[in-house]
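This report concerns a single structure, shown below with its sequence. Please keep both in view while reading.

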Amino acid sequence: MASSSQGSRRADPSPGAGQDPAGRWQVESPGVGDAVMERLQEVGALTRVIEQRLSGALGINATDLAAMEHLVTDGPLTAKELADRLRVSTAASTHIVDRLEKAGHIVRRPHATDRRKVMVEPVAESTDRLFGHLRPLLHGVEGLVEALSPGDRDVVVAFLSGVVQVYTDTADSFPQG
């Protein structure tokens, strides 16, 4: 990818436009040369690597891992609540729950007060395995956060809140499938 400092152009689907003399696409690479943007890109890339490796270690796919994260973080959920959090259809959520149950990562239990509902909850052993893999990452980041001064912490919180809002807005702009 060419950097913007080298006069790159946006990719253009029209014939020949946006290509270098060898016929390769040239696209703008936002943030090249900006240390903050480059670190955010690295965090994004490394997050995907960790998700892939964690999924592999648990024997599940990335979508199932995302479901496990919601179940571990938010507690037992119905398939509908899980679908809403994952931004998938209830049918897709049911398939996710089926796969996780078959792999031994979750159990279905009757709702405490509503006989029509079934709660999905993570199995303790799976939760322990998940956190066992993530513990070094979580402790490392926690140490970095604890080392921040109160003023620096406020700046980081404000910045990351803005990043979360941009991500949320972008995710919401895509059609749900």
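## Basis of the model

The model is predicted: local features need pLDDT of at least 70, side-chain atom pairs count only at pLDDT 80 or more, and totals for chains, interfaces and linings use all residues. Residues are numbered from 1 along each chain as its sequence is written, and side-chain values use heavy atoms, with hydrogens and water left out.

## The nonpolar core

In soluble globular proteins, nonpolar side chains tend to be buried together. The largest nonpolar core here has 17 residues, and those with the most contacts inside it are Leu-82, Leu-100 and Ile-106. Such a core is a set of buried Ala, Val, Leu, Ile, Met, Phe, Trp, Tyr and Cys residues joined through side-chain atoms within 4.5 Å. Two or more residues each are given to this core by helix H1 (35–58), H2, H3, H4 and H5; the largest share, four residues, comes from H2. Helices (H or I, at least four residues) and strands (E, at least two) are DSSP runs, numbered from the N terminus.

Leaving aside neighbours within four places in sequence, the contacts of Ile-106 include Met-68, Leu-71, Val-97 and Leu-100. Contact means heavy atoms within 4.5 Å. Ser-126, placed in helix H5, counts as buried at 5% relative accessibility. Buried means under 20% relative accessible area, exposed over 50%, and partly exposed in between (1.4 Å probe, protein chains only).

## Helix H3 and the residue after it

Leu-82, Ala-83 and Leu-86 are buried in helix H3 (residues 79–86). Seen down the axis of H3, its buried residues fall within an arc of 105 degrees, so they line one face of the helix; the arc is that of the directions from the helix axis to the C-beta atoms. Helix H2 (62–74) and helix H4 (90–102) are among what covers these buried residues.

Arg-87 follows H3 and lies in the loop between H3 and H4. Its phi is positive, about 60 degrees, although Arg-87 is not a glycine.

## Salt bridges

The whole structure holds 10 salt bridges, each defined by a side-chain nitrogen of Lys or Arg within 4 Å of a carboxyl oxygen of Asp or Glu. One of them joins the side chains of Arg-87 and Asp-172 (2.0 Å, N to O). This pair links distant parts of the chain, 85 residues apart, with Asp-172 in helix H6 (residues 150–173). Arg-87 is partly exposed at 37%, and Asp-172 is partly exposed at 47%.

Arg-108 and Asp-98 also meet in a salt bridge (2.6 Å, N to O). Because Arg-108 lies in strand E1 (residues 106–110) and Asp-98 in helix H4, the pair ties together parts that are 10 residues apart in sequence. Glu-121 bridges to Arg-109, the closest N and O atoms being 3.2 Å apart; Glu-121 lies in strand E2 (residues 118–122) and Arg-109 in strand E1. Glu-38, Arg-39 and Glu-42 are linked in a network of salt bridges.

## A nonpolar surface patch

Ile-50, Phe-131, Leu-137, Leu-138, Val-141 and Val-145 make a nonpolar surface patch of about 450 Å². Patches are made of residues with over 30% relative accessible area and no salt bridge, like charges being joined within 9 Å and nonpolar side chains (Val, Leu, Ile, Met, Phe, Trp, Tyr) within 5 Å. Accessible areas come from the Shrake-Rupley method with a 1.4 Å probe; for residues, only the protein chains shown count as cover. Helix H5 (residues 124–146) gives the most to the patch, with five residues. Leu-137, found in H5, is partly exposed, with a relative accessible area of 40%.
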